[in-house]
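Subject: Structure handover

Hello,

Here is the structure for you to look at. Please open it first, then read my notes below.

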Amino acid sequence: MSRLWRSLLLVLTLALFLSACGDKDAPKAVPLKAGVPAPDFTLETMSGQTVKLSDLRGQKVFLNFWASWCPPCKKEMPDLQEMSRKYEDKVKLYGVNITADDTLERAETFILEQKLTFPQLLDKEGKVQKAYNAITVPISVTIDEAGKIVEYRLGQLTKEQMEQMFQALM
């Protein structure tokens, strides 16, 4: 019987230790569905500017998670670039490079090759990727002025789907 208690005590101690190992500053992953508050984050752009999602409250936001090695990401970027121009006065569009699973050099090359002019955020530690459940890319997320998710879409978007997501913010 004492062997059972020791085993139980060991398991409980291990569980307690592991629960304390999380990064308290990391955004918490939440079920991402319409109406849920978007996880807050602070990331830097390629030029070193800091962007904090909660500072964008009162504005409509479109996030697109991508990686340089992702063929569907490459295919949808020209349409996203077009949408960034079309909605530049109405929606803040940010690309989010999952730099933790990519490299900065490849991301920079990708941006230059795609001729992207909208801001690109660098998720170097993968915390935002985790908070937004971006296990695979591309993923697109729209957020309303109150900071709540309007839509979360996994996979490559057609131009029509992008248009629908932008229009749903209007």
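About 70 Å³ of space lies in the largest cavity. A cavity is a set of points, on a 1 Å grid over the protein atoms alone, where a 1.4 Å probe fits but cannot get out. Grid points are joined across faces, edges and corners, and a volume is the space filled by probe spheres set on the points. By this rule there is 1 cavity of 30 Å³ or more. Its lining residues (those with an atom within 4 Å of a point) include Ala 38, Asp 40, Leu 53, Arg 57, Val 61 and Ile 143.

Two notes on the source. This is a predicted model: local features need pLDDT of at least 70, side-chain atom pairs count only at pLDDT 80 or more, and totals for chains, interfaces and linings use all residues. Residues are numbered from 1 along each chain as its sequence is written, and side-chain values use heavy atoms, with hydrogens and water left out.

Now the strands. Helices (H or I, at least four residues) and strands (E, at least two) are DSSP runs, numbered from the N terminus. Start with β3, residues 60-66. 7 of its 7 residues are buried, so β3 is largely enclosed by the rest of the structure. Buried means under 20% relative accessible area, exposed over 50%, and partly exposed in between (1.4 Å probe, protein chains only). Both faces of β3 are covered. Lys 60, Phe 62, Asn 64 and Trp 66 are on one side. Val 61, Leu 63 and Phe 65 are on the other.

Which strands pair with β3? Two strands pair if DSSP finds at least two bridges between them. β3 and β4 run parallel, with 7 bridges. Phe 62 has Leu 93 of β4 as its bridge partner, and Lys 60 stands opposite Val 91. Strand β6 (residues 139-143) is antiparallel to β3, with 5 bridges. There, Leu 63 is partnered by Val 141.

β4 is mostly covered, with 6 of its 7 residues buried. It also joins β5 in parallel through 3 bridges. Val 96 has Leu 121 of β5 as its bridge partner.

β3, α2 and β4 make a right-handed β-α-β unit. So do β4, α3 and β5. Right-handed means that, with the strands pointing away from the viewer, the path from the first strand over the helix to the second runs clockwise.

Look at α3 next, residues 104-114. Its buried residues are Ala 107, Phe 110, Ile 111 and Gln 114. Seen down the axis of α3, they fall within an arc of 95° (taken from the directions from the helix axis to the C-beta atoms), so they line one face of the helix. An α-helix has 3.6 residues a turn, so residues three or four places apart point the same way. The face turned away from the buried side of α3 carries the exposed residues Glu 105, Leu 112 and Glu 113. What covers the buried residues of α3? The cover includes β3, α2, β4 and β5, where contact means heavy atoms within 4.5 Å. After α3 comes Lys 115, with a positive phi near 55°.

Last, the second largest pocket. Its volume is about 220 Å³. A pocket is an open set with protein on both sides within 12 Å along at least five of seven lines. Of its 14 lining residues, the closest to its centre are Glu 88, Leu 93, Thr 117, Phe 118 and Pro 119. β4 gives the largest share of the lining, 4 residues.

Best wishes
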